[in-house]
Amino acid sequence: MSFASKLLYAFFLILLSSSRVTHNINISPSPAPNPAFYDDNNNVFDVTSFGAIGDCRTDDTSAFKMAWDTACMTTGVDSAVLLVPYTFCFLVKPTSFNGPCRTRLTLQIDGIIVSPDGPKSWPWNFKRQWLMFYRVNGLSIQGSGLVNGRGQKWWDLPCKPHKGVNGTTQPGPCDSPVAIRIFQSSDVKIKGLTFKNSAQFHVRFDNCDDVVVDSVTINAPASSPNTDGIHIENTHNVQIRNSVISNGDDCVSIGAGCFNVDIKNITCGPSHGISIGSLGVHNSSAWVSNITVTNSTIWNSDNGVRIKTWQGGSGLVSRIVFRNILMVNVRNPIMIDQYYCQTKNCANQTSAVIISDVLYANIKGSYDLRSPPMHFGCSDSFPCTNLRLEDVDLFPYKGQLFENPFCWNAYGSMQTVTVPPVNCLIEALPGC
């Protein structure tokens, strides 16, 4: 490791020790549950009062559904609490918790919830998600508990890309469930929970508005395929903050139709980084804007901050800010890839999702020499425009040799001197 990298790594350790978040997954025991939820309270609906056993083996799905329906239909109160008490471990099969509810609802998870153990234990008609919340406005999912997706047997399916030689896959069913999916809901908060080993995405929001995810821990092995930490799609006015994510795919992934997203104080890694995309698959249209990622650390990851689009798509990615981010041994710290392809034989296409107005500011740290520290691979037909770099300093994690950044049809400027210099950016506007 170079001297500069040692200094950056020391700074990284200091930052983690002083931060509210930590990358150490084996964290100290969760804080004691709020005793108010365990008092004799008419607004609290304990799943054990509805017949849940909580021995990790008995199917407690119907008790959870009965408790949910009762709490959801409660009237005459400002809010109700569905309580998953600590010291218990509940086996819950795939199910949907539906609204609208007559009151604001808090799902207080202080115990453990586990899924069925693998595809053979899974209902054949419910392969895409485990726990779904549909049309529930004013929902809080919080607590000191654990949601365990038991994904290992899903990851080991022959169809998964890490199972074959050189990333090849084998034929067979491949659908894998998202652990928590929240659909068509607004004013949703998730706070304090630990999510572990989902078969696919850990938490996913679709068609939602006014979302807050705060102080969560998400953990899956680096080799686990498609285990994104938090994914949002067609969702806006989102805050994701103060969280620790380690998995086998993106810590946070932002899909089409998202705007006004603020991500801050995230410790991410090992992982594939924080990504906008992939966008434009199957010639689709994608619009993403007003995305901010700040005050975060990405370490031991394949990517840092990335925008990825397929050829053939359409739409626009604009007004993106990546600021105050520390990279530690990251293979592609800064990346735009408008040629994203999951196979070796994607056809060249002329249309593309346009990328414009992206700021990279105060991004410092170290990169893995297997790839350039900055990669701007933009479309032949629709170049990236108004890329701005300010106070970017990236050093090799090992050795002294600097790799040159890569640019293709990328228009932008260095607002300050960067390390290494990005001399490949084109400063004139396209067509000038």
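Helices (H or I, at least four residues) and strands (E, at least two) are taken here as DSSP runs, numbered from the N terminus. The structure is a predicted model, in which local features need pLDDT of at least 70 and side-chain atom pairs count only at pLDDT 80 or more, while totals for chains, interfaces and linings use all residues. Residues are numbered from 1 along each chain as its sequence is written, and side-chain values use heavy atoms, with hydrogens and water left out.

The protein chain contains three helices and 30 strands. Confidence is expressed as pLDDT, the predictor's confidence in each residue, from 0 to 100; the average over the protein chain is 89, and 87% of the residues score at least 70.

Burial is described by relative accessible area (buried, under 20%; exposed, over 50%; partly exposed, in between; 1.4 Å probe, protein chains only). Of the 432 residues in the protein chain, 53% count as buried. The accessible surface, from the Shrake-Rupley method with a 1.4 Å probe, comes to about 18,400 Å², and carbon and sulfur atoms account for 51% of that. Among contacts between residues at least 6 apart in sequence, 76% join residues at least 24 apart.

In soluble globular proteins, nonpolar side chains tend to be buried together. A nonpolar core is defined as a set of buried Ala, Val, Leu, Ile, Met, Phe, Trp, Tyr and Cys residues joined through side-chain atoms within 4.5 Å. The largest such core here has 96 residues, and Phe-205, Phe-322, Tyr-360 and Phe-376 are those with the most contacts inside it. Beyond four places in sequence, the residues touched by Phe-205 include Ile-182, Val-188, Ile-230 and Thr-235.

A polar atom of the Thr-235 side chain lies 2.9 Å from the backbone oxygen of Glu-233 and 3.5 Å from that of Phe-205. Residues in contact with Thr-235 also include Cys-208, Gly-257 and Cys-258.

The loop between strand 7 (112–114) and strand 8 (129–134) holds Asn-125 as well as Ser-115. Asn-125 is exposed, with a relative accessible area of 53%, whereas Ser-115 is buried at 0%. The side chain of Ser-115 has a polar atom 2.9 Å from the backbone oxygen of Gly-149, and Trp-122, Trp-130 and Asn-148 are among the residues in contact with Ser-115.

Finally, the UniProt annotation "active site", from an unreviewed entry, covers His-272; UniProt positions are given in the numbering used here, feature names are shortened, and annotations may be inferred rather than shown by experiment. His-272 lies in the loop between strand 20 (259–268) and strand 21 (274–279) and counts as partly exposed, at 21% relative accessibility. The His-272 side chain reaches the backbone oxygen of Gly-248 at 3.3 Å. Beyond four places in sequence, His-272 touches Gly-248, Asp-249, Asp-250, Asp-302, Asn-303 and Arg-306.

How values were computed. Contact means heavy atoms within 4.5 Å. A polar contact is a pair of N or O atoms within 3.5 Å; within protein, one must be able to donate a hydrogen and the other to accept it, and residues adjacent in sequence count only if both atoms are side-chain atoms.
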